[in-house]
Amino acid sequence: EIQGNVLYGGSSISSDWPIQTDKYKVFLNAVDLIYSEDKAFLCVVKNDNTCEIIEYCIEEVDVVIPSSINGYNVTSFGDVFRENPFIESIYLPNTILNIDAYAFYCCERLTTINIPDGVRSIGDYAFAGCSALQSIIIPDSVTSIGSRAFYGCSSMESITLSSSLVEINAYAFYYCYKLES
C-alpha cells in the first residue's frame, strides 16, 4: 500500500529496516501507518505490534515521544530528528530500545535529553554536531556507543558512562573540547 512517499506491506523478505528508493521509503513487514493523536508523529506499525516513528510532523522546541501511539509501543524513531533546527529538549520513553545512527545529528539547539534505562546502544553519529549539548548520562543498559556518536559536541562538559559498556567505537567523543569528566 502507498501513502504519500511511504510504501508498506507484508513481504516474503524478512527485514524491518526501511529501504530508501528515489521515490519511496519502503518498510517491509509493516502492517499499517498511523498518526499520533496530536498528529505530531507518523508511525509504521510492525508485525510484532510495535511501531516506529518515521516522521516528525510539527516544529516544537520541547519534544516528548510517547511510550505508545494508538496502543502500539514506540520502540524506535530512526533519524526523524536529524538536522532539526528547533528542538532544544527531548524526552524519550522507556520503550525505546536503541538510539539509531544520525538520530539527532546536527540538532544544534539540543541542550537536554534523557536516555532511558533500557536503551541498549547509541548509533554512529547519533549526537554528532549537537553543539549546545553540555552533559549527558548514559544508563547502565547501554553496552555500545557508535563511531563518532558525540563527534563535535563542542559544549559537552560532562558524560556519565554506563558501567555495562563493552564497546566505544572510533572517535566517539572527538572534538568534544570542553569534556572534563
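Is arginine 109 buried, partly exposed or exposed, and what is its relative accessible area? Arginine 109 is partly exposed, at 38% (buried means under 20% relative accessible area, exposed over 50%, partly exposed in between, with a 1.4 Å probe and protein chains only). This is a predicted model, in which local features need pLDDT of at least 70 and side-chain atom pairs count only at pLDDT 80 or more, while totals for chains, interfaces and linings use all residues. Residues are numbered from 1 along each chain as its sequence is written, and side-chain values use heavy atoms, leaving out hydrogens and water.

**Salt bridges**
- The whole structure holds 4 salt bridges (a side-chain nitrogen of Lys or Arg within 4 Å of a carboxyl oxygen of Asp or Glu).
- One of them joins arginine 109 to glutamate 88, with the closest N and O atoms 2.3 Å apart.
- Arginine 109 lies in the loop between strand 12 (98-99) and strand 13, and glutamate 88 in the loop between strand 10 (72-76) and strand 11, so the pair ties together parts 21 residues apart in sequence (strands are DSSP E runs of at least two residues, numbered from the N terminus).
- Glutamate 88 is partly exposed, at 26%.
- Asp79, Arg82 and Glu83 form a salt-bridge network.
- In the bridge of aspartate 79 with arginine 82, the closest N and O atoms are 3.6 Å apart.

- An open sheet of 3 strands runs in the order 8-11-13 with parallel pairing (two strands pair if DSSP finds at least two bridges between them).
- Strand 8 (62-64) and strand 13 (112-113) are the edge strands.
- Strand 8 is joined to strand 11 (residues 89-91) by 3 bridges, and aspartate 62 stands opposite serine 89.

Key:
Helices (H or I, at least four residues) and strands (E, at least two) are DSSP runs, numbered from the N terminus.
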